[in-house]
Amino acid sequence: MKERLEQIKAEALAQIQASDVPEKLSEVRVKFLGKKGELTAVLKSMKDVAPEERPKVGQLVNETRAAIENLLEETKEKMEKSIREEKMKEEVIDVTLPSKKNMVGHRHPNTIALEEVERIFIGMGYEVVEGPEVEYDLYNFEKLNIPDGHPAKDEQDTFYINKDIVLRTQTSPVQARVMEQGKLPIRMIAPGRVFRSDEVDATHSPSFHQIEGLVIDKNISFADLKGTLEVFAKELFGEETKTKFRPHHFPFTEPSAEVDVTCFKCGGKGCRFCKGSGWIEILGCGMVHPHVLEMCGIDPEEYSGFAFGVGLERIALLKYEIDDMRLLYENDIRFLKQF
Ligand code: DAH
């Protein structure tokens with residue numbers, strides 16, 4: 001028995017020393033110490049050993065096991081260490097290499113323009129609210145005084161989801177949604193994406209952005225509207241900017257107007273930028289129609305208000321003197337990083 005153990009030990013140690021990778025060590029471990037291993041077989045044959053001999057043989061078996069395990073462990077550690085060192089050598093970092101440049105993101109001109117507009121109105125005490133882009137026909141048209149069959153409905157080339165649901169063609173439905181909540185007074189702007197079935201060209205896109213404005217309170221007059229939009233225009237385009245209110249028609253406001261500002265390129269003298277007129281159109285506005293107030297649950301005898309709608313892209317194009325709207329959507333970094 002003793003010789004057999006000596007033999008096992010010698011064989012195991014030799015095989016461990018001959019191992020060059022950790023997998024080989026595992027094989028040796030299984031071969032000698034595993035459930036069906038050689039040392040285990042010796043243990044199983046202990047029953048054939050004379051009882052008085054058993055403690056001695058048992059001790060020998062344990063010693064053999066310990067010797068094999070120790071060498072296995074030691075060799076494994078050595079192997080792992082040298083593998084680690086090998087890897088470290090391979091992965092050595094050259095600290096003298098120039099670093100890779102990280103591309104830092106940049107705010108889109110639309111975003112810059114929107115933040116500017118928000119800053120101006122927040123400064124005047126307005127709240128910024130949002131409404132859904134997929135909207136009920138009811139809010140997009142009906143509650144804005146544009147019933148079925150109204151010619152104004154034809155002017156907006158609408159994307160219909162079904163008969164009752166559309167991709168909103170304007171941010172004006174947010175007016176109706178906010179009024180309906182019944183919390184008065186109201187002083188809000190509602191920026192967001194709108195959709196129209198328009199062909200893409202230098203000034204059109206099927207998806208663009210508007211900023212809606214709405215003020216409802218007691219005794220709000222056209223003078224408040226004019227004053228507010230004058231402040232807005234001066235803040236946005238410069239102190240010397242003048243505004244002009246041209247009569248216009250929108251179904252949900254009465255009276256309605258379009259607002260022009262003096263061309264900030266030529267100061268109103270007329271240039272290529274303003275096509276010689278000295279004026280640039282920037283938004284639509286008006287006093288909220290009493291019927292719209294009524295439909296949204298507000299008493300027009302007690303309350304009045306004004307509304308306006310600005311095209312965000314139009315502001316960005318003007319402010320940064322970009323002459324083609326498509327540039328705003330191409331996401332060419334060489335273009336975007338100029339702003
Ligand atoms: N929703 C209008 C449009 O898309 C713009 C507009 C005009 C909004 C007058 C208003 C307004 O709130 O009072 O053409």
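Biologist: Where in the chain is the place of Pro185?
Modeller: Pro185 belongs to the loop between helix 8 and strand 4 (186-195). Helices (H or I, at least four residues) and strands (E, at least two) are DSSP runs, numbered from the N terminus. This is a predicted model, where local features need pLDDT of at least 70 and side-chain atom pairs count only at pLDDT 80 or more, while totals for chains, interfaces and linings use all residues. Residues are numbered from 1 along each chain as its sequence is written, and side-chain values use heavy atoms, with hydrogens and water left out.

Biologist: What is the peptide bond from Leu184 to Pro185 like, cis or trans?
Modeller: Most peptide bonds are trans. The one from Leu184 to Pro185 is cis, with omega near -5°. Glu254 and Pro255 are also joined by a cis peptide bond, with omega about -5°, and Pro255 is part of strand 7 (residues 253-262).

Biologist: What about phi, then: is it positive or negative at Glu321?
Modeller: Most residues other than glycine have a negative phi. Glu321 is not a glycine, yet its phi is positive, about 55°. You'll find Glu321 in the loop between helix 11 and helix 12. Asn331 lies in the loop between helix 11 and helix 12 and has a positive phi of about 55° too, although it is not a glycine.

Biologist: Is Asn331 buried or exposed?
Modeller: Relative accessible area decides that: buried means under 20%, exposed over 50%, partly exposed in between (1.4 Å probe, protein chains only). Asn331 comes out at 54%, so it counts as exposed. Glu321 has 39%, so call that one partly exposed.

Biologist: And Asp324, buried or exposed?
Modeller: Asp324 is buried, because its relative accessible area is 17%. It lies in the loop between helix 11 (312-319) and helix 12 (333-336). Leaving aside residues up to four places away in sequence, Asp324 touches Asp201, Ala202 and Leu317; contact means heavy atoms within 4.5 Å.

Biologist: Which side chain makes a polar contact with the side chain of Asp324?
Modeller: A polar contact is a pair of N or O atoms within 3.5 Å; within protein, one must be able to donate a hydrogen and the other to accept it, and residues adjacent in sequence count only if both atoms are side-chain atoms. Here the side chain of Arg326 is the partner of Asp324, at 2.9 Å.

Biologist: Why can helix 8 be called largely enclosed?
Modeller: Six of the eight residues of helix 8 (residues 173-180) are buried, so the rest of the structure largely encloses that helix. Those buried residues are Pro173, Val174, Gln175, Ala176, Val178 and Met179. Just after helix 8 comes Gly182, with a positive phi of about 80°.

Biologist: How many residues surround the ligand?
Modeller: A residue is near a molecule if one of its heavy atoms lies within 4 Å of it. The ligand has 15 around it, and the closest are Gln170, Ser172, Arg196, Gln210 and Glu212. A polar side-chain atom of Glu212 lies 2.5 Å from an oxygen atom of the ligand. For the side chain of Gln175, an N or O atom is 2.9 Å from a ligand oxygen. Ala307 brings a polar backbone atom, 3.1 Å from an oxygen atom of the ligand.

Biologist: How much of the ligand's accessible area does the protein cover?
Modeller: On its own the ligand has 360 Å² of accessible area, and the protein covers 90% of that; such areas come from the Shrake-Rupley method with a 1.4 Å probe, and for residues only the protein chains shown count as cover. Strand 5 (207-217), strand 8 (279-288) and strand 9 (304-311) are the elements that give two or more residues to the shell.

Biologist: How many salt bridges does the count come to?
Modeller: Side chains of opposite charge can pair when their charged atoms come close. A salt bridge is a side-chain nitrogen of Lys or Arg within 4 Å of a carboxyl oxygen of Asp or Glu, and the count comes to 19. In one of them, the side chains of Arg119 and Glu116 meet at 3.3 Å, N to O. Both lie in helix 5 (residues 109-123), three residues apart, which is about one turn of the helix.

Biologist: Which parts does the pair of Glu235 and Arg119 tie together?
Modeller: The side chains of Glu235 and Arg119 meet in a salt bridge of 3.5 Å, N to O. Glu235 lies in helix 9 (residues 222-237) and Arg119 in helix 5, so this pair ties together parts that are 116 residues apart in sequence. Elsewhere, salt bridges that share partners join Arg246, Glu258, Asp260 and Glu281 into one network.
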